[in-house]
Amino acid sequence: MPVFKILAETFKIIVIAIWDFIVWVYLTLIPFLVTYIGIPLFVLGILMGISFSGGALMIMLIFFVAMYFFIKKTVFHNPF
């Protein structure tokens, strides 16, 4: 019987250690990661998205203006 008691105590210690680790992860590690890594990365991602879309809009605007002047010069050009 002492073998089963030793095994039960060992299993109990392992389960308690796993439980303490899980509690530490959920109550300490994950809030820290979300606060100091997740939120800044989210904000930087938003800024990058805005900058990429702004760059694409600027390129389209330049293209439209260039096409306007090109068509204006080619179509409405008086040959005389």
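In which helix does T35 lie? T35 lies in helix α1, and W24 belongs to helix α1, which spans residues 2-75. Helices (H or I, at least four residues) are DSSP runs, numbered from the N terminus.

This is a predicted model, in which local features need pLDDT of at least 70 and side-chain atom pairs count only at pLDDT 80 or more, while totals for chains, interfaces and linings use all residues. Residues are numbered from 1 along each chain as its sequence is written, and side-chain values use heavy atoms, with hydrogens and water left out.

The table lists accessibility, where partly exposed denotes the range between buried (under 20% relative accessible area) and exposed (over 50%), with a 1.4 Å probe and protein chains only.

| Residue | Relative accessible area | Class |
|---|---|---|
| W24 | 42% | partly exposed |
| T35 | 39% | partly exposed |
| F63 | 47% | partly exposed |

Two separations refer to M48. The C-alpha atom of W24, 24 residues from M48 along the chain, is 34 Å from that of M48. For T35, 13 residues from M48 along the chain, the C-alpha separation is 20 Å.

The side chain of T35 also reaches the backbone oxygen of P31, at 2.7 Å.

Four aromatic pairs are found in a search of the whole structure. One of them joins F63 and F64, with 6.0 Å centre to centre and 55 degrees between the planes, and is tilted. Rings of Phe, Tyr and Trp (its six-membered ring) pair if their centres lie within 6.5 Å; planes under 30 degrees apart count as stacked, over 60 as edge-to-face and the rest as tilted.

How values were computed
Helices (H or I, at least four residues) and strands (E, at least two) are DSSP runs, numbered from the N terminus. A polar contact is a pair of N or O atoms within 3.5 Å; within protein, one must be able to donate a hydrogen and the other to accept it, and residues adjacent in sequence count only if both atoms are side-chain atoms.
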